[in-house]
Amino acid sequence: QDITEQKLRENSLREIGDNLIKLQKVAGVGSWKYDAVKNKLYCTDELLSIYGFDRTEVASYEDAVRLIHPEDQGKVQNAMDWLMLGRSCSAELRIISKDGTVKHVEGNAEPIFNEDGEVTGVFGTAQDITEKKILLESLEKSYKSLIEAERIARMGSWEIDLVNRKVVFCSGEVLKMYGIPKEMNRKKRSVV
């Protein structure tokens with residue numbers, strides 16, 4: 001019996017699988033599948049790398065929930081309830097790695113349906129957004145410091161697009177100095 005076509009298909013599938021593994025590593029996105037019927041959790045190597053655990057430590061839904069920061073475990077349960085109703089969801093939460101490090105993760109998930117339209121599982125992704133979160137918090141802190149410094153010094157800042165002759169931004173202190181309502185700051189105004 002000629003099995004050439006079958007072997008070509010197997011090789012093609014293997015190559016696709018290898019490429020997906022490489023793609024997840026490059027993107028820093030891990031994926032997982034939860035079989036609700038068997039209460040089994042299947043994770044890619046990239047997901048386990050993000051969480052800092054090995055495959056033997058994360059095999060069920062309960063195992064995965066234990067990795068979530070206690071204050072965020074309710075979010076996970078709400079998301080799972082939502083998914084089991086057949087709806088997609090996204091969540092940002094904190095996880096606790098084996099070494100005690102807290103990481104911020106953004107997750108997206110979709111329900112898996114059987115041929116009768118019943119939810120039998122969930123497929124999801126997770127991405128470590130810790131560095132992005134730290135950067136955003138740092139920028140927010142710097143911005144608040146700038147606002148406070150302007151308030152104390154009774155100074156303001158602004159930005160003008162000279163090409164289009166429009167005011168792009170005015171700080172709250174500039175608006176206050178000129179008696180301009182804050183809502184006006186959202187509209188780009190022409191410069192005379």
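In the predicted model, His-104 is in contact (heavy atoms within 4.5 Å) with Leu-93, Arg-94, Gln-127, Asp-128, Ile-129, Thr-130 and Lys-133, residues up to four places away in sequence being left out of the list. His-104 belongs to strand E4, residues 102-113, strands being DSSP runs of E with at least two residues and helices runs of H or I with at least four, numbered from the N terminus. His-104 counts as buried because its relative accessibility is 17%, the limit for buried being under 20% with a 1.4 Å probe and protein chains only. The model is predicted, so that local features need pLDDT of at least 70 and side-chain atom pairs count only at pLDDT 80 or more, whereas totals for chains, interfaces and linings use all residues. Residues are numbered from 1 along each chain as its sequence is written, and side-chain values use heavy atoms, without hydrogens and water.

One cavity of 30 Å³ or more was found, a cavity being a set of points on a 1 Å grid over the protein atoms alone where a 1.4 Å probe fits but cannot get out, with lining residues having an atom within 4 Å of a point. The largest cavity holds about 450 Å³, the volume being the space filled by probe spheres set on grid points joined across faces, edges and corners. Its lining comprises 28 residues, with Trp-32, Tyr-51, Ile-68, Val-76 and Leu-93 closest to the centre. Strand E4 gives the most to this lining, five residues.

Notes
Buried means under 20% relative accessible area, exposed over 50%, partly exposed in between (1.4 Å probe, protein chains only). On a 1 Å grid over the protein atoms alone, a cavity is a set of points where a 1.4 Å probe fits but cannot get out, and a pocket is an open set with protein on both sides within 12 Å along at least five of seven lines; lining residues have an atom within 4 Å of a point.
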